[in-house]
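Here is a short briefing on a single protein chain.

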Amino acid sequence: MRDVAGKQTGTAGHAGHAVHKKKSGGAFNRETVREVQHYTDRLFRFRTTRDPHFRFVSGQFAMIGLEVEGKPLLRAYSMASANYEDDLEFFSIKVPDGPLTSRLQYLKVGDTVLVGRKPTGTLVQPNLLHGKRLYMFSTGTGVAPFSAILKDPEVYDLYDKLILVHGCREVAELQYGVDTVATARANEFFGDIVTEKLIHYPTVTREAYVHQGRITDLIESGKLFADIGQPPLNPDEDRVMICGSPELLRDLVGMLEARGFREGSGGDPASYVIEKAFAEA
Ligand code: A2P
């Protein structure tokens, strides 16, 4: 296990850069695939080795890809593994004619993946003001950065409750989030605090399931808050991170702004932050 790197701020990339000057090989580390798991015909995850100098803050992303005809072919991917794990994990969509993911879906143990050395991103705690509850709203592979965040024990010190809302079309697409939450709850060091503070709310739109409906509709109707026993969204107490499709981002941001939430950034922390779910091709 590594040190928990939650105390780092957005300078992780710069720190990594200084270290990597000593090495040759340019802007990427060449990592080896250690594990691949397919969930559906649209979703899979893979784990790779991790350069010991590659550090990141929970919620950040890096450029990931393959060398194709001698050139790097890259897309942004959130790190889904916790920042203290020895491996890196990524959760990916498969697009049949997508330049990268049409190839990436055939990854096998032992293959090489390029991992950019400068992690970055907005879904980090310094971009948010202090709050009582952290809502993490995601669709599809947008759950990936939250997988890292909910395995970061330092985030639990900042909030009374963390609420992961994951919306997908089908039940099978929720499995990655279900597995991640189970892993965090079972952690031998901080599993108790996860069990106490983390609320997981998976919902689907195209099948029967315990929770059904789009995230936006569940907020608007108040059903989400009734189901989880929390008050409706309030910018004085709630902090929100969103990662999902452009449509989700657009609609949810509109709803948040109408409720008095304001987008935060590194220099100007506020009540919500957003990131598009990456690698749509
Ligand atoms: P729906 O099935 O009603 O389109 P996708 O796989 O297309 O990225 O969608 C993932 C999930 O996000 C689906 O459950 C989808 O619902 C939902 N979704 C799509 N657009 C929006 C939106 N504008 N607001 C909230 N949820 C959305």
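Lys132 touches Tyr159, Asp160, Lys161 and Glu237, with residues up to four places away in sequence not counted. Contact here means heavy atoms within 4.5 Å. This is a predicted model: local features need pLDDT of at least 70, side-chain atom pairs count only at pLDDT 80 or more, and totals for chains, interfaces and linings use all residues. Residues are numbered from 1 along each chain as its sequence is written, and side-chain values use heavy atoms, with hydrogens and water left out.

**Lys132**

- Lys132 sits in the loop between β6 (112–116) and β7. Helices (H or I, at least four residues) and strands (E, at least two) are DSSP runs, numbered from the N terminus.
- Lys132 counts as partly exposed because its relative accessibility is 38%. The scale runs from buried (under 20% relative accessible area) to exposed (over 50%), with partly exposed in between (1.4 Å probe, protein chains only).
- Lys161 is 29 residues from Lys132 along the chain, yet their C-alpha atoms are separated by 6.8 Å.

**Whole chain**

- The protein chain has nine helices and 11 strands.
- Its radius of gyration is 18 Å, close to the 19 Å that the globule rule gives for 281 residues, so the chain is as compact as a globular protein of that length. The radius is taken over C-alpha atoms, and the rule is 2.2 Å times the number of residues to the power 0.38.
- The C-alpha trace spans about 55 × 40 × 35 Å along its principal axes.
- Of the 281 residues, 55% count as buried.
- Among contacts between residues at least 6 apart in sequence, 74% join residues at least 24 apart.

**Domains**

- The domain assignment gives domain 1 (19–116) and domain 2 (125–274). Such bounds come from an automatic or database domain assignment.
- The centres of the two domains, taken over C-alpha atoms, are separated by 24 Å. Their contact takes 19 residues from domain 1 and 19 residues from domain 2.

**Nonpolar cores**

- The largest nonpolar core has 30 residues. A core of this kind is a set of buried Ala, Val, Leu, Ile, Met, Phe, Trp, Tyr and Cys residues joined through side-chain atoms within 4.5 Å.
- Leu134, Met136, Phe146, Leu162, Leu164, Leu198 and Met241 have the most contacts inside this core.
- Two or more residues each come from β7 (133–139), α3 (144–149), α4 (153–158), β8 (161–168), α5 (175–185) and β10 (238–244).
- Domain 1 and domain 2 both give residues to this core, so it lies between them.
- Met136 is in contact with Phe146, Ile149, Leu162, Ile163, Leu164, Val165, Leu198 and Met241, leaving aside its neighbours within four places in sequence.
- Apart from this core lies another, of 23 residues, among them Tyr135, Leu224, Leu248 and Val253.

- In β2 (residues 43–48), six of six residues are buried.
- Both faces are covered: Leu43, Arg45 and Arg47 are buried on one side, and Phe44, Phe46 and Thr48 on the other. In a regular strand the side chains alternate between the two faces of the sheet.
- β2 pairs with β1 (residues 28–38) in the antiparallel sense over five bridges. Two strands pair if DSSP finds at least two bridges between them.
- A hairpin of four residues joins β1 to β2. Arg47 is the bridge partner of Glu35.
- β2 and β5 also run antiparallel, joined by six bridges. Arg45 stands opposite Phe91 there.

**Asp87**

- Asp87 lies in the loop between β4 (71–78) and β5 (88–93). Its relative accessibility is 11%, so it counts as buried.
- The side chains of Asp87 and Arg34 are joined by a polar contact of 2.4 Å. That term means a pair of N or O atoms within 3.5 Å; within protein, one must be able to donate a hydrogen and the other to accept it, and residues adjacent in sequence count only if both atoms are side-chain atoms.
- Leaving aside neighbours within four places in sequence, Asp87 is in contact with Arg34, Arg47, Thr48, Thr49, Arg50 and Ser81.

**Strand β3**

- Six of the eight residues of β3 (residues 61–68) are buried.
- β3 and β4 pair in the antiparallel sense over eight bridges, and Ala62 stands opposite Tyr77 in β4.
- Two residues separate β3 and β4 in their hairpin, where Glu69 in the turn has a positive phi of about 50°.
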